[in-house]
Amino acid sequence: MDHFHYHNRALHCEEVPVRALAETYGTPLFVYSKATLLHHLHQLQRAFAPVEPLICYSLKTNPNLSICRLMGEHGTGFDVTSGGELYRALAAGGKGAKIVFAGVGKTDAELRCGLESGVLMFNVESEAELHALMEVARSTGHRAAVALRVNPALPPKTHVKTDTSVKGTKFGLDMDSVVEVAQHVLGNPHVRVVGIHMHLGSPIISTQPYHEGIEKGVALIERLRHDGHRIEYINMGGGFGIHYRKQEAPPADAFASVIIPAVQRAGCRLILEPGRFIVGNAGILVSRVIYTKESGGKRFVIQDAAMNDLIRPTLYDAFHRIWPVEPAAGAPVPPQDYEAEIPGTSKVDVVGPVCESGDFLARERRLPPVQGDDLLATFSAGAYGMAMSSNYNSRLRAAAVLVDGNSHRLIRRRETYEDMVRTEVEIPSDV
């Protein structure tokens, strides 16, 4: 259940009118629902309970410290992909023993930081990285635990830019080379292979790739154990899809039904790295209409959220539901199908102020009449919204609030122009 609903024709987050949030904090504004965050986390925890998984919240989806701290308080570890994400995980109260360090290009400095922070394991993606980790561990007197990331070479499952387990991507080791790479460090005093890692991409709205991937993973574990490696963990990453359009994504139970039996056969501890599944539908992006116009036979709604706030539509051709916060009389609140012919609506492009033709949140989207100063809600914006935002066109990054029942608090203040230039160093005029 996502706790965004219309009451008396006005959108609410939990018990708080979204208009009140926009008036208090301004727009563009990311609004997160605590109840929705915890609902989706608890769905995963219940579905996979039979194998007592370590659920590591994936910081790359939304690294806000308040959200990370909330996840940790409710039992998660953390999946990090950089030194900066490791810093955030620790700052949010995370403990090294519940952190997995992923990423295809970890530097020696990042490897060292991970070792000194006592991370549970490194997800290693190449033979070169494995040897670099071995050397850093030797020089610092540590022994690193490693899960080898395996690319199972499955058929395409999602957008080409987010499909990580097809042949020819930069991620992981080919299935036929993993055993040989692992053999090179068998018995090494500074590196030990304790698991395999298999992240298939995102968002995936079918359980079949997980069934195919984990069956390959179990067979690989048997080979590694036969060679003398003590394999304790199988990490199936994240990637579980969410409802962007309507009700297209399977529930957590469906993914669990194909993953749990294989984990039990392998006799391993399961690690999951969900992010989008937890936070994606727990956030909306609220924007205010500036102008409307017609040009070249098209209608445009120009509002104050742009591609620098939510880049997914132009980067991934992503679909996000969009609807007025307070729809005009006669318009659905909201429609059942945002892609259908909706009475009382017309097709518009929802665009932002950035100086790019690619600056849009939706194209050819049916909306009821809107005018300047109306508020729009872009749904499913909790994942890869704020995390991928930028200062392009020297625009200020948005504020963010967390709603809990009938209360709300600022968890990221809106940037100022002074914030935007603070790290820049001017060349003295006499040089």
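## Two cis prolines

Proline 334 sits in the loop that links β16 (322–324) to β17 (346–351); helices (H or I, at least four residues) and strands (E, at least two) are DSSP runs, numbered from the N terminus. The peptide bond leading from valine 333 into proline 334 is cis, with omega near -15 degrees.

Proline 203 is found in the loop between β11 (191–197) and α8 (208–226). Here the bond from serine 202 to proline 203 is cis, and its omega is near -10 degrees.

## How to read the model

This is a predicted model, in which local features need pLDDT of at least 70 and side-chain atom pairs count only at pLDDT 80 or more, while totals for chains, interfaces and linings use all residues. Residues are numbered from 1 along each chain as its sequence is written, and side-chain values use heavy atoms, with hydrogens and water left out.

## Positive phi outside glycine

Glutamate 52 is not a glycine, yet its phi is positive, at about 45 degrees. It belongs to the loop between α2 (34–47) and β5 (54–58). With 60% relative accessibility, glutamate 52 counts as exposed (exposed is over 50% relative accessible area, buried under 20%, partly exposed in between, with a 1.4 Å probe and protein chains only).

Serine 380 has a positive phi too, near 55 degrees, and lies in the loop between β19 (375–378) and β20 (399–404). Serine 380 is buried, with a relative accessible area of 1%.

## The overall fold

The protein has 12 helices and 21 strands. Its radius of gyration, 23 Å, is close to the 22 Å that the globule rule gives for 431 residues, so the protein is as compact as a globular protein of that length (the radius is taken over C-alpha atoms, and the rule is 2.2 Å times the number of residues to the power 0.38). Of the 431 residues, 54% count as buried.

## Inside the core

Which residues have the most contacts inside the largest nonpolar core? They are Val31, Phe48 and Ile259, in a core of 122 residues. Such a core is a set of buried Ala, Val, Leu, Ile, Met, Phe, Trp, Tyr and Cys residues joined through side-chain atoms within 4.5 Å. Helix α9 (residues 252–266) gives the most to this core, with 9 residues.

A second, separate core has 9 residues, among them Leu54, Ala145, Val194 and Ile271.
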